[in-house]
Amino acid sequence: MTTKANATDDSFHVFDTTLRDGAQREGINLTVADKLTIARHLDTFGVGYIEGGWPGANPRDTEFFARAQQEITFENAQLVAFGATRRAGGSAADDPQVKALLNSGAPVITLVAKAHDRHVELALRTTLEENLEMVRDTVSHLRVQGRRVFVDCEHFFDGYRANAAYAKSVVRTAYEAGAEVVILCDTNGGMLPAQVQAVVSTVVADTGARLGIHAQDDTGCAVANTLAAVDAGATHVQCTANGYGERVGNANLFPVVAALELKYGMKVLPEGALAEMTRISHAIAEVVNLTPSTHQPYVGVSAFAHKAGLHASAIKVDPDLYQHIDPELVGNTMRMLVSDMAGRASIELKGKELGIDLGDDRALVGRVVERVKERELQGYTYEAADASFELLLRGEVEGRARRYFRTESWRAIAENRPDGTHANEATVKLWAKGERIVATAEGNGPVNALDRALRVALERIYPQLAKLELVDYKVRILEGRTGTESTTRVLITTGDGTGDWATVGVAENVIAASWQALEDAYTYGLLRAGIEPTE
């Protein structure tokens with residue numbers, strides 16, 4: 001687990017806690033593979049810190065840190081482990097939870113500490129002085145072990161209202177013990193911007209500590225509260241992608257970062273990263289298997305959408321008359337209709353990223369835009385299926401679709417036997433390198449059986465496919481249709497040991513949609529292996 005370079009200097013921190021606090025949202029249940037994928041997206045976006053979870057508290061987070069150490073080279077971010085101060089009456093050096101934080105290998109550790117006197121006495125069941133000693137001892141120990149330390153003051157604003165002197169003493173103790181930043185947490189999400197600004201200003205003046213802000217969104221003010229804290233002197237913001245989080249969520253990473261860059265004029269991301277914001281937002285939404293919010297600021301598909309009439313007439317003269325920013329600054333597009341659309345700039349930027357030279361061929365780019373528009377209206381999404389998009393793009397550039405095999409037919413059977421057992425069998429018939437191949441395989445489900453049958457059919461001709469592994473599989477019934485007649489979208493993530501890629505399929509049933517995604521997955525795997533198409 002290494003970091004090549006920091007995106008910005010250390011004067012301001014963009015800290016993401018999607019993998020820890022965001023994962024507490026109802027309906028989100030991240031696998032380790034999901035967490036690794038999201039971490040890569042966030043690193044690409046350019047956040048400075050990614051809080052990966054609580055190692056030692058649950059096996060999934062422990063595994064995530066172990067795998068991240070082996071599988072991810074961070075370009076911009078540093079990985080952060082989250083945990084609590086040592087137990088009352090013990091020592092940090094002997095505390096198993098503190099040892100788990102060190103064993104995670106994370107270079108930065110965030111400690112949660114109680115800053116509300118009633119929580120100390122009722123939840124921790126200890127004295128106010130012992131709580132301060134727990135903070136002092138744990139921070140000091142981790143610093144001696146060579147780790148950077150941030151401290152989250154839980155329930156800080158409620159604690160400040162109840163006992164301001166004690167809340168500030170927790171901040172002061174943590175900072176004097178060696179914490180680089182002390183984060184004031186609006187854990188219950190009940191604050192308003194003016195209140196946050198007043199409290200942060202006072203705490204900065206009274207403690208001299210470097211402060212951060214962690215805002216929940218229970219009043220609908222998390223983004224505004226975060227920016228109010230920055231106005232008051234906070235230089236560290238904690239957010240989650242798309243505002244995911246417990247109850248109604250956390251401060252949304254994307255509008256916070258956009259405001260800092262575009263409204264405050266602060267440079268908090270690497271050059272060019274802001275233009276990737278819409279793509280990153282939608283890609284993470286697909287990983288967590290939640291429909292992206294169409295009306296989310298900056299990155300929603302409706303954020304820069306306009307209906308015909310007065311707006312349309314004005315926009316023909318000057319788009320800025322009805323838009324607060326140029327949508328291309330955040331990777332979005334202005335639209336005159338409510339539908340999923342891709343602009344020329346998006347296609348050109350993506351082609352450049354994929355190493356595909358589109359030249360100055362406006363007709364080619366126009367064809368790609370129309371193909372994407374047509375496919376997205378059918379239910380396809382390329383935000384989280386880069387491999388399928390690359391195949392589509394290469395097909396337009398090269399004048400024909402890349403083919404390593406041609407499907408004659410496929411069949412999947414799910415059998416429910418009288419004894420209560422189940423059997424799944426698939427047969428595929430295809431052509432590859434001039435040879436007709438028929439293969440049959442069983443699996444633990446019809447899609448798994450199809451995957452195995454396709455592998456059996458092709459591995460002899462393309463031994464490179466032996467490395468392929470289905471990493472993740474997601475199904476979504478598309479909105480606007482119901483019941484058994486609904487359109488189904490399938491996203492499949494495949495890996496070859498050196499990287500993962502995602503493909504998409506859309507059809508009236510889950511098996512047909514899965515087959516489309518599998519075909520793209522195998523085709524892209526052979527493309528990655530440098531094999532020339534034969535069909």
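**Notes on helix packing and aromatic contacts**

1. The axes of helix α8 (residues 193-207) and helix α9 (residues 222-231) come within 8 Å and cross at roughly 30 degrees. Axes here are lines fitted to C-alpha atoms, for helices over the stretch in contact, with angles running from 0 to 180 degrees between N-to-C directions. α8 and α9 are therefore roughly parallel to each other (under 35 degrees; over 145 is roughly antiparallel, 65 to 115 roughly perpendicular and the rest oblique).

2. A word on the source: this is a predicted model, in which local features need pLDDT of at least 70 and side-chain atom pairs count only at pLDDT 80 or more, while totals for chains, interfaces and linings use all residues. Residues are numbered from 1 along each chain as its sequence is written, and side-chain values use heavy atoms, leaving out hydrogens and water.

3. Back to the helices: the crossing of α8 and α9 is right-handed (the near helix is turned clockwise from the far one by less than a right angle). On the α8 side, P193, V196, Q197 and V200 meet A224, N225, A228, A229 and D231 of α9, where contact means heavy atoms within 4.5 Å.

4. Now for the rings. The whole structure holds 13 aromatic pairs (rings of Phe, Tyr and Trp, the last by its six-membered ring, with centres within 6.5 Å; planes under 30 degrees apart are stacked, over 60 edge-to-face and the rest tilted). One of them is Y49 with F150, edge-to-face at 5.3 Å centre to centre and 75 degrees between the planes. This pair links distant parts of the chain, with Y49 in strand β3 (residues 49-53) and F150 in strand β7 (residues 148-154), 101 residues apart.

5. How buried are these two? Y49 is buried at 4% relative accessible area, and F150 is buried at 0% (buried is under 20%, exposed over 50%, partly exposed in between, with a 1.4 Å probe and protein chains only).

6. Another pair to look at is W501 with Y524, which is tilted: 5.6 Å centre to centre, 55 degrees between the planes. W501 lies in strand β16 (residues 500-507) and Y524 in helix α17 (residues 510-528), 23 residues apart. W501 counts as buried at 5% relative accessibility, and Y524 is buried at 12%.

7. Finally, two charges over rings. R20 lies over the face of F82, 3.8 Å from the ring centre, and the charged end of K35 sits over the ring of F64, 5.2 Å from its centre (NZ of Lys or CZ of Arg within 6 Å of the ring centre and within 35 degrees of the ring normal).

How values were computed:
Helices (H or I, at least four residues) and strands (E, at least two) are DSSP runs, numbered from the N terminus.
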